[in-house]
Amino acid sequence: MNRIIRASERLNAAIDLPGVLESAYGAFENVLAVLRHHQEDDEAVFAAFILSANAAANGRDWIAWAPALPSGSPPRDSGEDLLDSACVTAVVLAIAEVSAELARRLSTYAVTAADIEDRECCGNAAAEAAAIHALMSGANPP
Amino acid sequence: MTGRATFGEFAASATRRLGAIVRGIDLPDWPGSADTCADVPVAVHSAMRTLTGYGEDAWGVLGDARLDSTAQLRPWIRAASQASPRIDDSEVLLQSEPGGEDRRGREEQIDWTGQVGSSMRAAVRSMQLARDLLHTHLDPRLSLAAEGRSEWAPVVTSAPVACALLDRVGGWASQIAPVAARVAASGRGITAAERRYLYAASQRLWAISWAVGEAQERQPVGQDRLQLLEAIPVNARPASSYPAVDAAVSGLCDGVISTAERLRAAARQAAARAAWSPTLTRESLRHTAGCCAITASNLRIVLRTLAEHHGRPGASLNGSMAAAAAAADCARATWLQAAEAWDHITTDTRGATSGTAADATRLALWTGRLAYASSDWTPALGPRHAARPATDLAASPDQLRHVIDAIHHASHTLTFVGEADRSQARSASMTGRLIVPTRSLPDSFDVPFRFAPAPGTRSAPLLSSYDRAVEASAAATDAIAELAADAKAPSRMLAAYRTAIGAGLAASAEGSRSGHAKVAVARAARDHATTAAPAPWHAPAIPAGPVERILLDLDITSADELKQAAALDTAADQLILRAATAAQAARPGRDPGRSAGTAELISHLAAASGRPIPEALLPARPVGRVHGVDGAALTAHPRAAQVRARQAELEAGA
């Protein structure tokens, strides 16, 4: 199982704010790792992958500031596949899919979370996930 | 070079007008009627004031440089002294003449209808405008933060450019002197006192001209320095812009150049504010590094396209372009490493995006539009974009020159931004602004807070990645500078610019250490006379010590006194280090930095020593705990984290 699939599964399994934050933190980390792994595979994706990786790091750091994020070490995915054998198109599709899901789940809590700081962190992290999705799908200029 | 008014344009205008007057001297009926000559004394007086203003500027730079300079500058120092303002005979003659003040007061009211007077007045106006243009780069406020208003400030206040300025002054003086002498000899339309004044003024002008000529003979100012002076533009920040969909190559090149200039100005400002700026955020620095990697990648594509498809196969320029493309690729890789280093570290502020990041985005976009054929290229994914064909990039020699001009500016800017962001990262590290999420640390860390100061193992790679990015970007810029020189692109002045900055750095190394140069440049701007070799905007991060800072706070600008203060601070550092090393068996729990006074000394020691400081000087360390940035323990001992972070960096560096 590759890291993106694993991240999607955790995200889908999360049922409350701490769970979503925990899984979103891991998802951003995994997206970042996969993007860094593939950013030099093809000159055509270089710019989009760099900016997406920046957005993934920003999204992860926004989650880290959220008060509802459970303390303690997150699950480590270091041993799992970084989509080594996948072509660039498959990587792009996988990241676009998980980033869209991230944006959707975090946007919900950006409105409904009880703590204002949680709302702010979820909102900003959702924006970063949306930026990744836009870059992967070519929807928006930077 | 930039599309803005330059010193050279005004200076050339003055030279041209004066030249026209000088050519008329040899005519048999010159200077013609008395009306033609009536205004010459006032015009000459105005010219004298302007020229001595220039002399004052040059003396401000070279006069202070005489403290440390080698014999090379001595002829120019003498020339600057000659051109500096003084109460001399000519001035006294004009002032002592009844109505002399009235005559000077009339300067603005005279109807300059006479050919000689009007031409000279126009020339003097051009000279004044040229000087005003130079002063737009200097900050008139006297403060430690004053390092000039633009990237050109260190050039304007550099010794080589001061010598070039004197060369100009000498040329103008040699043009005005014979005019003054001839009008005085004719005696037409002037009073006896004005005649005496013109004689005295011509003698003074000849003296200036001869002093400059002698200096030029003994120690010639290189053509590159003269051209650098000519190329200094007025200080104005270009407006931000995005490329139009139908932009032509020429327009894209102009956009790259103006955006690069904007980015350099923004980066320079950000570096100066790093210790406190709310826009020093992980978002800004990550984004800037990423966009610089994209820009370097775009430059590589342009150069590679030109190398592979421009001109005859194997032509010498093609080889240089291929080498430059390889250097740009190296810069791309190092900027990528800088962006990756930010994956593992964050900042104490968040959310805000700096002007540098915004302009870096625009530069990536402009260079991308130049590199790719697609008129709607963006960094976002989309249809695969083909590179712009070489026939499009180099449709004519002028177009090729323009493209090289643009990519030279962009590459120079990458170096500039690298230096600025490295300075920001260092500042952030030294002030404890680099942090990491504690959940990203190994489990062996027992941290009760969400964030902790970045350990040296995280901050050291970040700082060294910027070192590599700066080095690689500078190498790429040097490679492109060779192309610019071959193509005679206007941007070849950038190479002279960096050389002048380098010369300024070397000349001011001692002054920068003491903080003297910063004050001197500020004073120079205030007085319209600079007094030291320039302080580079990316001056060394070693702060002034307690004694030196007190002197600076007292507005002491004497080089000798500031050097003495710096020496006292250094001696104090060494004494404390020796004593602390001897007292390694410190009492448990003792904190030598518990008072504000001793804490300041130890903080300076940590910053200036350049090596790990003895354990005995470190604050008491709670066993098995690391304080988080949002923790009470850290709030109680903010300096402890800072000193320990510095210690960790030094250990990591060692």
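1. Start with confidence: pLDDT is the predictor's confidence in each residue, on a scale from 0 to 100. This is a predicted model, in which local features need pLDDT of at least 70 and side-chain atom pairs count only at pLDDT 80 or more, while totals for chains, interfaces and linings use all residues. Residues are numbered from 1 along each chain as its sequence is written, and chains are lettered from A and ligands numbered from 1 in the order in which they are written.

2. Across chain B the mean pLDDT is 75, and 69% of its residues reach 70 or more. For the model overall, the scores are ipTM 0.93 and pTM 0.71.

3. A contact means that the C-beta atoms of two residues, placed from the backbone, lie within 7 Å. Residues 619-647 of chain B also stay under 50 in pLDDT, and for them the model has 58 contacts beyond four places in sequence.

4. Now chain A. Its secondary structure is five helices and zero strands, giving the pattern α-α-α-α-α along the sequence. The C-alpha trace of chain A spans about 45 × 35 × 20 Å along its principal axes. A compact globule of 142 residues would have a radius of gyration near 14 Å, and chain A agrees, at 14 Å. That radius is taken over C-alpha atoms, and the globule rule is 2.2 Å times the number of residues to the power 0.38.

5. How much of chain A is buried? The share is 55% of its 142 residues. Buried means that 20 or more other C-beta atoms lie within 10 Å of a residue's own, exposed means 12 or fewer, and partly exposed is in between, with C-beta atoms placed from the backbone. Of the contacts in chain A between residues at least 6 apart in sequence, 76% join residues at least 24 apart.

6. Where do the two chains meet? The contact takes 29 residues from chain A and 28 residues from chain B. On the chain A side, helix 2 (17-38), helix 3 (46-65) and helix 5 (116-137) each supply at least two residues. Helix 3 of chain A gives the most, with 11 residues. By class, this side of chain A has 19 nonpolar, eight polar and two charged residues. Here Ala, Val, Leu, Ile, Met, Phe, Trp, Tyr, Cys and Pro count as nonpolar, Asp, Glu, Lys and Arg as charged, and the others, Gly among them, as polar.

7. Chain B has 26 helices and three strands. Of its 654 residues, 55% are buried. Among contacts in chain B with a separation of 6 or more, 82% are between residues 24 or more positions apart.

8. The three strands of chain B form an open antiparallel sheet in the order 1-2-3. Strand 1 (346-347) and strand 3 (451-453) of chain B are the edges, each pairing on one side only. Strands count as paired if DSSP finds at least two bridges between them. Strand 2 (residues 434-437) and strand 3 of chain B have three bridges in the antiparallel sense, and B:Ile435 has B:Pro453 in strand 3 as its bridge partner.

9. Helix 17 (residues 397-430) of chain B is worth a look. Its 34 residues should span 50 Å at 1.5 Å a residue, and its end C-alpha atoms agree, at 49 Å apart. The expected span is 1.5 Å times one less than the number of residues. Because 31 of the 34 residues are buried, helix 17 of chain B is largely enclosed by the rest of the structure. Just after this helix, B:Gly432 has a positive phi of about 75 degrees.

10. Most residues other than glycine have a negative phi. A:Leu83, though, has a positive phi near 60 degrees; A:Leu83 lies in the loop between helix 3 and helix 4 (88-112) of chain A. B:Lys488 also has a positive phi, near 55 degrees, and is in the loop between helix 18 (456-487) and helix 19 (493-507) of chain B. Are these residues buried or exposed? A:Leu83 is buried, because it has 20 C-beta neighbours inside 10 Å, whereas B:Lys488 is exposed, with 11 other C-beta atoms within 10 Å.

Note on methods. Helices (H or I, at least four residues) and strands (E, at least two) are DSSP runs, numbered from the N terminus.
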